[in-house]
Amino acid sequence: MQKGRVLRLKSFGLLEFLQKNYILIIILLSLILGIVVGSFKFDSNETLKNYFTEQIEKFLELRINTTFNKVLFNSFLKSLAVLFLMFLLGASLFGVVTVPSAMFIKGFVVGGMSAFLYSQYGLKGVAFNSVIFIPTTLAFLVVLLLAGRESVKFSFKFSSLTLSKTLPQNLSNDFKDYSIKYLIFMVLTFAASVVDAVVTKGFIKNFSLI
């Protein structure tokens, strides 16, 4: 019976998919776990409540009564800082561990902010989440997941050089490819910021959370 199940999984290509994308799956699970924990722990103490209050206020201040270009610039600059951190983590020995940890933290912040909106603003918070916060955040999270996968892969290559039995390798070409991929992620991040600006300027005027 168990052998038959394995054959069915292979026939659907599930095992092959998991093998090829296990890094992305691990990072995605880290992000989801962070979102879940943040959603339940956002008001567990005053420090967290104050933090998420401040984050929501900053999110709104950068988008209310501002021009399209300013929303675009602020969104891109903030996202670029996170992307650059992911790049640095991937270029380190411990990126295999720190990248999933960073994704967990990012998920924790996103989950906490989303839950805070639900808790503090009721139906307005639900609507704001659905129309403004989730779409603008999701676009960048997709880019960040792809970037995180490349960071873990490069960090694994880099850290493997420290093993005593590993033959010396030249990572210059790998680092060049790694950097080029991050340039592409920068372009995708800009596109995500455009989505942020378009959604914000199109719909935020219909909300009055502050």
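Student: Which residues does Arg-63 touch, not counting those up to four places away in sequence?

Tutor: Keep in mind that this is a predicted model. In it, Arg-63 touches Val-71, Ser-75, Asp-196, Thr-200, Lys-201 and Ile-204.

Student: And where does Arg-63 lie?

Tutor: Arg-63 lies in the loop between helix H4, residues 46-61, and helix H5, residues 68-90.

Student: Is Arg-63 buried or exposed?

Tutor: Buried: the relative accessible area of Arg-63 is 9%, and the cut-off for buried is under 20%.

Student: What does the side chain of Arg-63 make a polar contact with?

Tutor: With the side chain of Asp-196, at 2.7 Å. Asp-196 is also one of the residues in the contact list of Arg-63.

Student: OK, switching to helices. How many are there in the chain?

Tutor: Seven, with zero strands. Read along the sequence, the pattern is α-α-α-α-α-α-α.

Student: At what angle do the axes of H6 and H7 cross?

Tutor: Roughly 175°, and the axes come within 8 Å. H6 covers residues 95-160 and H7 covers residues 172-203. Angles over 145 degrees count as roughly antiparallel, so H6 and H7 are roughly antiparallel to each other.

Student: How do the residues of that H6 contact with H7 divide?

Tutor: Into 17 nonpolar, five polar and five charged.

Student: What about Leu-171, where does that one lie?

Tutor: Leu-171 lies in the loop between H6 and H7. Leu-171 is buried, at 12% relative accessible area. Setting aside neighbours within four places in sequence, Leu-171 is in contact with Lys-157, Phe-158 and Leu-161.

Student: What separates the C-alpha atoms of Leu-171 and Leu-161?

Tutor: 9.6 Å, with the two residues ten apart along the chain.

Student: Back into H6, then. Is Ser-151 buried or exposed?

Tutor: Ser-151, which lies in helix H6, counts as buried, at 0% relative accessibility.

Student: Which backbone oxygen lies 3.0 Å from a polar atom of the Ser-151 side chain?

Tutor: That of Met-86. Beyond neighbours within four places in sequence, Ser-151 is in contact with Met-86, Phe-87, Gly-90, Val-99, Tyr-178 and Tyr-182.

Student: And Tyr-182, what is it in contact with, leaving aside neighbours within four places?

Tutor: Tyr-182 is in contact with Leu-83, Met-86, Phe-87, Ala-147, Gly-148 and Ser-151.

Student: Which residues touch the most other members of the largest nonpolar core?

Tutor: Ile-27, Met-86, Met-103 and Tyr-182, out of 22 residues in that core. Helix H3, residues 22-41, gives two or more residues to this core, and so do H5, H6 and H7.

Student: Which of them gives the most?

Tutor: H6, with eleven residues.

Student: How many residues are in the second, separate core?

Tutor: 18, including Ile-56, Phe-59, Met-113 and Ile-204. Ile-204 also turns up among the residues that Arg-63 touches.

Student: Last bit, the whole chain. What percentage of the residues count as buried?

Tutor: 37% of the 210 residues.

Student: And among contacts between residues at least 6 apart in sequence, what share join residues at least 24 apart?

Tutor: 81% of those contacts.

Key: Residues are numbered from 1 along each chain as its sequence is written. This is a predicted model: local features need pLDDT of at least 70, side-chain atom pairs count only at pLDDT 80 or more; totals for chains, interfaces and linings use all residues. Side-chain values use heavy atoms; hydrogens and water are left out. Axes are lines fitted to C-alpha atoms, for helices over the stretch in contact, and angles run from 0 to 180 degrees between N-to-C directions. Helices (H or I, at least four residues) and strands (E, at least two) are DSSP runs, numbered from the N terminus. Angles under 35 degrees count as roughly parallel, over 145 as roughly antiparallel, 65 to 115 as roughly perpendicular and the rest as oblique. Ala, Val, Leu, Ile, Met, Phe, Trp, Tyr, Cys and Pro count as nonpolar, Asp, Glu, Lys and Arg as charged, and the others, Gly among them, as polar. Buried means under 20% relative accessible area, exposed over 50%, partly exposed in between (1.4 Å probe, protein chains only). A polar contact is a pair of N or O atoms within 3.5 Å; within protein, one must be able to donate a hydrogen and the other to accept it, and residues adjacent in sequence count only if both atoms are side-chain atoms. Contact means heavy atoms within 4.5 Å. A nonpolar core is a set of buried Ala, Val, Leu, Ile, Met, Phe, Trp, Tyr and Cys residues joined through side-chain atoms within 4.5 Å.
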